[in-house]
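Here are a few notes to read alongside the model.

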Amino acid sequence: QVQLVESGGGLVQAGGSLRLSCAASGRTFGSSLMGWFRQAPGKEREFVAAINWSGGSTYYADSVKGRFTISRDNAKNTVYLQMNSLTPEDTAVYYCAACSSSHWAVAVFTTPGLYRSWGQGTQVTVSS
C-alpha cells in the first residue's frame with residue numbers, strides 16, 4: 001500500500017505558478033501509475049493529469065493541457081505537478097493518487113474509482 005502526502009498548495013494570483021509535490025511511502029511506488037485530481041467546492045472530483053511508472057507517458061485533461069506538467073522522480077518517491085498560467089477556475093483541493101492498475105489507458109487513469117491510495121489534498125486558490 002502506498003501512502004501519499006501532498007504539499008505546495010497556496011494562494012496565488014491569476015497568471016502565477018505553483019508546484020505541487022506528492023511524497024510517497026511504500027515499496028510499490030516505483031511501479032505505480034500516478035494521477036493528480038482536483039475538487040472544487042460543490043463539484044465532483046475531476047481528473048487533472050496522469051503519469052506512468054517510468055515517467056515516459058503522460059496525459060492531461062483538456063482544461064490544463066499546455067499549462068500543467070506532471071513528472072516524477074522515482075529515486076525520491078515523489079510526483080510533481082507544475083502549474084503555470086493559473087486562473088481562478090483552477091481553484092480546488094488537489095489530490096495525488098496511486099492507481100490500482102498499471103494499464104496505460106484513458107478509461108483507466110481518468111477514473112477516480114480505480115485509484116487505491118489517496119493523499120489528504122492540498123488547497124490551491126487563485127485570485128483574480
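1. The link between Cys 22 and Cys 96 is right-handed, with 50 degrees about the S-S bond. Their sulfur atoms sit 1.9 Å apart, and a disulfide here is a pair of cysteine sulfur atoms within 2.5 Å. A search of the whole structure turns up one disulfide. The pair joins distant parts of the chain, 74 residues apart: Cys 22 is in strand β3 (residues 18-25) and Cys 96 in strand β9 (residues 92-99). Strands are DSSP runs (E, at least two residues), numbered from the N terminus.

2. A word on the source: this is a predicted model, where local features need pLDDT of at least 70, side-chain atom pairs count only at pLDDT 80 or more, and totals for chains, interfaces and linings use all residues. Residues are numbered from 1 along each chain as its sequence is written, and side-chain values use heavy atoms, with hydrogens and water left out.

3. Buried means under 20% relative accessible area (1.4 Å probe, protein chains only).

4. Cys 99 is buried, at 2%.

5. Now look at Thr 78, in strand β8 (residues 78-83). Thr 78 counts as buried at 10% relative accessibility. Leaving out residues up to four places away in sequence, Thr 78 touches several others, among them Cys 22, Phe 29 and Asp 73; contact means heavy atoms within 4.5 Å.

Conventions
Helices (H or I, at least four residues) and strands (E, at least two) are DSSP runs, numbered from the N terminus. Buried means under 20% relative accessible area, exposed over 50%, partly exposed in between (1.4 Å probe, protein chains only).
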